[in-house]
Amino acid sequence: LAFLSCTFNATTQLLHPAILATLFHDPANPEKSDLSGIIPWNYPHAHKTPYPKLYVDGTSNPEFGPLIMALAAEIYVLMDACDALLSPAGMCTISSTHGGGSGGSKSSWGKYMLEQLTKNHPRDLGVRSGVTEAIVQREHALLFSGGGGGGGANSNDDGTFHTFLDEKKKGGDVMLEQQQPRTRFHYPNILQRFLCHALRHDARLAHTLAPAEPVVVVVVDDDNKNEKKKKIRYIQPKTNSSIFSDAIPNGLCIYLGLGEMLGMTLERDMPQTLAIVRKIQRWMGKEYVLPSFHHDNLKPNQSTGGKKKKGKRIWMIKQVVKGARDIKETTAPQAFDIYTLNELKDFLDMNPFAENKQTCVERNLRQCQLVSRL
């Protein structure tokens with residue numbers, strides 16, 4: 001479990017994607033900025049630095065606080081599900097090491113206040129959402145059905161579950177409609193204020209510039225009949241920097257891969273995580289997850305989460321990670337052809353030094369004086 005503990009403990013893999021998604025967003029032209037990440041940055045006239053300050057300007061956006069809270073809540077639920085399936089009974093091996101830092105007693109006290117006093121421990125969110133219980137029931141059904149799909153009162157035919165879906169009969173037809181999930185932190189406004197204030201006033205982080213590069217965008221002046229062109233200074237994200245590779249293919253993609261492997265419908269159960277990956281992967285020119293589709297664009301062999309309903313968006317493709325073009329460039333389980341919980345257990349049990357554990361144990365036992373006398 002050390003691998004998963006380190007993976008979930010990398011809190012910057014939650015913080016940096018949320019900052020990047022809100023920092024490279026132009027409220028005046030949201031569609032264009034979300035497509036390419038290009039935003040205006042008028043240096044040195046309106047701004048004092050050539051590029052935005054990653055933690056100061058990134059957390060100053062009012063959209064950052066709610067986004068990081070929603071993103072963390074989705075990961076906390078997934079963390080609790082992994083603990084319930086992989087940790088020894090009664091222990092929270094993965095979530096117990098989450099949120100640690102170099103702050104010493106201050107970091108420990110902050111973690112205690114966040115999780116224990118406010119009832120925001122991953123276990124609390126897993127219980128409130130009902131996702132952990134649904135995943136455990138699904139895995140239990142798969143175990144006693146010989147590994148086949150389906151099984152269990154909350155399972156769909158394709159092996160996913162419908163914790164947040166309510167079946168309603170309308171006109172003799174069963175429709176699947178979304179219910180509001182209860183995967184939220186308690187006191188989110190207070191928590192996001194503390195987080196943003198700490199990041200903006202941290203002496204070590206305050207002067208860190210965002211990974212960006214200048215780009216010249218030629219804009220036509222509509223007021224001028226001669227259509228005289230003028231140059232405006234814009235910047236775009238520098239996607240070949242390590243912050244992007246750490247945050248997306250080696251960060252959020254792991255969480256999405258784990259969620260899909262455990263039967264989650266990602267567009268329903270991890271919508272913020274999936275939306276951030278889809279946005280940033282467009283800037284990077286990659287396809288780590290399948291892009292969103294409307295039901296009219298679905299191919300006949302693509303699985304959907306509900307029946308077609310005219311004029312409304314339905315749950316889309318189930319395997320958004322497995323079917324992605326560049327999935328092999330990530331460290332998601334699907335990149336290693338791991339699609340079930342048992343395969344994940346076998347993978348985590350592999351020795352990186354190619355040693356046979358049974359042989360090592362027997363050799364150590366033979367060297368023991370008590371056993372050698374027998």
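1. Basis of the model. The structure is a predicted model, in which local features need pLDDT of at least 70 and side-chain atom pairs count only at pLDDT 80 or more, while totals for chains, interfaces and linings use all residues. Residues are numbered from 1 along each chain as its sequence is written, and side-chain values use heavy atoms, with hydrogens and water left out.

2. Overall content. The chain has 16 helices and five strands, where helices (H or I, at least four residues) and strands (E, at least two) are DSSP runs numbered from the N terminus. Of its 374 residues, 45% count as buried; buried means under 20% relative accessible area, exposed means over 50%, and partly exposed lies in between, with a 1.4 Å probe and protein chains only. Among contacts (heavy atoms within 4.5 Å) between residues at least 6 apart in sequence, 66% join residues at least 24 apart.

3. Helix α9. This helix covers residues 131-144, and at 1.5 Å a residue its 14 residues should span 20 Å, which agrees with the 20 Å between its end C-alpha atoms; the expected span is 1.5 Å times one less than the number of residues. Its buried residues are Val 131, Thr 132, Ala 134, Ile 135, Arg 138, Glu 139, Ala 141 and Leu 142. What covers them includes α5 (64-86), α8 (122-129), α11 (242-261) and α14 (341-348). Glu 133, which also lies in α9, is exposed, with a relative accessible area of 53%. The C-alpha atom of Glu 133 is separated by 8.9 Å from that of Ala 84, although the two residues are 49 apart along the chain.

4. Packing of α2 on α11. Two packed helices are described by the angle between their axes and the distance between the axes. For α2 (residues 12-23) and α11 the angle is about 115° and the axes are 9 Å apart; axes are lines fitted to C-alpha atoms, for helices over the stretch in contact, and angles run from 0 to 180 degrees between N-to-C directions. The two helices are therefore roughly perpendicular, on a scale where angles under 35 degrees count as roughly parallel, over 145 as roughly antiparallel, 65 to 115 as roughly perpendicular and the rest as oblique. The crossing of α2 and α11 is left-handed, a term used if the near helix is turned anticlockwise from the far one by less than a right angle, with clockwise being right-handed. On the α2 side the contact is made by Gln 13, Leu 14, His 16, Pro 17 and Leu 20, and on the α11 side the residues include Ile 243, Phe 244, Ala 247, Ile 248 and Tyr 255. By class, the contact of α2 with α11 has nine nonpolar, four polar and one charged residue, with Ala, Val, Leu, Ile, Met, Phe, Trp, Tyr, Cys and Pro counted as nonpolar, Asp, Glu, Lys and Arg as charged, and the others, Gly among them, as polar.

5. Packing of α5 on α11. Here the angle is about 50° and the axes are 11 Å apart, and α5 and α11 are therefore oblique to each other. α5 passes α11 in a left-handed crossing. Leu 71, Ile 75, Leu 78 and Cys 82 of α5 meet Leu 252, Tyr 255, Leu 258 and Gly 259 of α11. This contact of α5 with α11 divides into seven nonpolar, one polar and no charged residues.

6. Cys 253. This residue of helix α11 counts as buried, at 2% relative accessibility. Leaving aside neighbours within four places in sequence, Cys 253 is in contact with Ile 248, Val 277, Tyr 288, Thr 330 and Ala 332. Cys 253 and Gln 334 are 81 residues apart in sequence and 9.9 Å apart in space, C-alpha to C-alpha.

7. Positive phi values in loops. Tyr 187, which is not a glycine, has a positive phi of about 55°; the residue is found in the loop between β3 (173-178) and α10 (188-200) and counts as exposed, at 52% relative accessibility. Asp 337 likewise has a positive phi, near 60°, and is found in the loop between α13 (271-284) and α14, where Asp 337 is partly exposed, with a relative accessible area of 46%.
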